Amino acid sequence: MTVLEIKGLRAGVDGKEILQGIDLTVRSGEVHAVMGPNGSGKSTLSHVIMGRPGYEVTGGSVTLDGVDLLALDTWERAQAGLFLALQYPTEVPGVSVESLLAAAFQAGGRDVAEAPALVGAEAARIGFADRFLGRDLNVDLSGGEKKRNETLQLGVLAPKIAILDELDSGLDVDALRDCSRRVEEATSETGLGVLAITHYTRLLRELKVDQVHILVKGQIRHTGGPELADELEDQGYAAYLDPEPEPEAPAADPFADPFGPGPFA
Amino acid sequence: MADPTVTVTVVDGAVHVSDLPGRWSDAGVVITTADRLDDADLAGLGVVAGAGPDVFAALNDALSAHPVVVQVPRGVRLDAPILVVDHVATAGLATFGRLVVRVGEGAEATVVHHATSGEGAVLTIPLTELDVARGGRLGYLHVQELGAEAWQVGSLLARVDQEADLQAALVGLGGSYARLRTDCRMAGRGSNTDLLAAYFGEADQTLDFRTFQFHDAPDTTSNLLFKGAVGGRSRSVYTGLIRVDKEARGTNAFQTNRNVKLSDDAWAESVPNLEIETNDVHCSHASTVGPVDPEQRFYLESRGVPPQQADRLIVGGFFDEVVRALPVAAAVPAVRARIAAKLDRTAGDLR
């Protein structure tokens, strides 16, 4: 049993605090969805957990089975069993997914000779065409192919915990079904724990969610079961947002005509 | 591509040419030194270089003792590359190697030119002339792997005639100071040239490339892609000019130079220029100098690849766009291996 434990996490960019104390626990086999409006800090949460440069952690902790992840480099976090599927997978010309995964195997002390067969099997499973395997990473791939590629890497690397940053954006329904189904299968086959960051509930049709967390202004405002996702689909986030401040009455114009505009205005 | 059939070896200026296969000599292929040419062929030498564009070319013109000449007659297509190895063995020597490649009308040839030297300080001032006649095709690969103490001030002068095609690629790896000037003239209508380079500086090296793409005739195309990396305290300079004559309507000319800096002390300069005298053209130039892309590094790291290994993959991939397009497929694995060895040596400079 693996536990990803996020406690009181505060983080920001350029001195501006975006995450204002996040508490979240993801265990093996569980699927947690983090939903929220634009600008609520969803992507920041995923990037900070993976250690993307440019973010500053100002408080709290993130541990994986008791290991302090925030003290590790990004690659060490990955080797510890963490995976991040990017919303916009980066193009890396001249580097193939095969060579990337071989390098990851080598760094992790896994048998590099096993990589090609695993890559081939995952490609078949996720419907990622073989001809893309030797090509430049994410270069000239459609949105759906990019997300299949991310999911293929997840399948081959077999992490303990996967963070999916808007896996459901920029892809067609077929790719969405294949990718979310593959992640769902991993939760039972290898006990993958999932933290899925999303705007929409469509990801959760194939991926059976255990808990839904609503993130607003860097804080989790509400946590509920799968029914919460349906409620959000119907009613949006309005109930969880701060009330808009009352617009202030315009200050009186000291130069206004006290008698009003008059008949000749 | 098959292994080279003919090898020309130049050591400290002394030339040895291996035997030509019978099918080549029967077809009239000539690979020899200039002093063995008949008068008619001799008269055709130097037409591309003329007096030479600068003092170094003029020096070569005055001092090259045994120009090597490769002549492929009209319509003859060579089935294997020709290898020319120019080695400077003796420290303290200055050499003025000259290579002339003349591809006749509708003929095809591939030449690999490998420049090497020993450990000691040497000066080499080579000049290469490439002359591709109407409808001819030439692939030319120059691999500069001089010793760490060598200085090179080289010239590559090319003329591409009507409907002819030149693929010229430069791989710059060695030398203390290595400069190569490339003047490529699209002289005939519909001619096409691809100019490629991969260069990689380490330690205290300076690598200096100057390119000229001259479009003198209508409907001509030139496409230049130069990619370099600098590690340690090395420096690279790229200066390029596209010049489109007012006669050269319908020209397509492109110039791209990309550089990766692998250490804070390394330095890369890129100076592209355009000079266009007609309206009916498509021209572009682009140049970049920067460190390894942190987004790419993060992506690879997020898969469990350590940063130094990630940078190796990224820089190797950066060069691959050039390396896989080299005009001699058989040389690709060797060039990849050289770049990998450079990456091994500069790995400590990364980050």
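Okay, let's start with a question: is B:E145 buried, exposed or partly exposed? B:E145 comes out as partly exposed, because its relative accessibility is 23%, and buried here means under 20% relative accessible area, exposed means over 50%, and partly exposed is in between, with a 1.4 Å probe and protein chains only.

Before going on, some housekeeping. This is a predicted model, so local features need pLDDT of at least 70 and side-chain atom pairs count only at pLDDT 80 or more, while totals for chains, interfaces and linings use all residues. Residues are numbered from 1 along each chain as its sequence is written, chains are lettered from A and ligands numbered from 1 in the order in which they are written, and side-chain values use heavy atoms, with hydrogens and water left out.

Back to B:E145. This residue makes a salt bridge with B:R338, and the closest N and O atoms are 2.5 Å apart. A salt bridge, by the rule used here, is a side-chain nitrogen of Lys or Arg within 4 Å of a carboxyl oxygen of Asp or Glu. The pair ties distant parts of the chain together: B:E145 sits in strand 11 (residues 137–145) of chain B and B:R338 in helix 6 (residues 332–346) of chain B, 193 residues apart. Helices (H or I, at least four residues) and strands (E, at least two) are DSSP runs, numbered from the N terminus. B:R338 is partly exposed too, at 32% relative accessibility.

Now, the two chains together. 19 residues of chain B are in contact with 30 residues of chain A, where contact means heavy atoms within 4.5 Å. How much area is buried between chain B and chain A? About 2000 Å², and carbon and sulfur atoms give 65% of that. Buried area is the accessible area (1.4 Å probe) that two parts lose on being put together, summed over both. B:F298, B:Y299 and B:R303 supply 39% of what chain B buries against chain A, more than any other three residues.

What about charges across that boundary? There are three salt bridges between chain B and chain A. One to find on your screen is A:E150 with B:R303, at 2.7 Å, N to O. B:R303 is in the loop between helix 4 and helix 5 of chain B, and A:E150 is in helix 5 (residues 143–157) of chain A. Both ends are out of the way: B:R303 counts as buried at 2% relative accessibility, and A:E150 is buried at 0%.

On the side of chain B that touches chain A, helix 5 of chain B gives the most, with seven residues. By class, that side has nine nonpolar, five polar and five charged residues. Here Ala, Val, Leu, Ile, Met, Phe, Trp, Tyr, Cys and Pro count as nonpolar, Asp, Glu, Lys and Arg as charged, and the others, Gly among them, as polar.

Next, the inside. In soluble globular proteins, nonpolar side chains tend to be buried together. A nonpolar core is a set of buried Ala, Val, Leu, Ile, Met, Phe, Trp, Tyr and Cys residues joined through side-chain atoms within 4.5 Å. The largest one has 108 residues, and A:L152, A:L164 and B:L300 touch the most other members. Helix 5 of chain B turns up again, giving the most to this core with eight residues. Apart from it lies another core, of 43 residues, among them B:V10 and B:F209.

A:E166 is buried, at 8% relative accessible area. B:D219 has a positive phi as well, about 55°, and is not a glycine either. B:D219 is in the loop between strand 16 (206–215) and strand 17 (221–230) of chain B, and counts as partly exposed at 35%.
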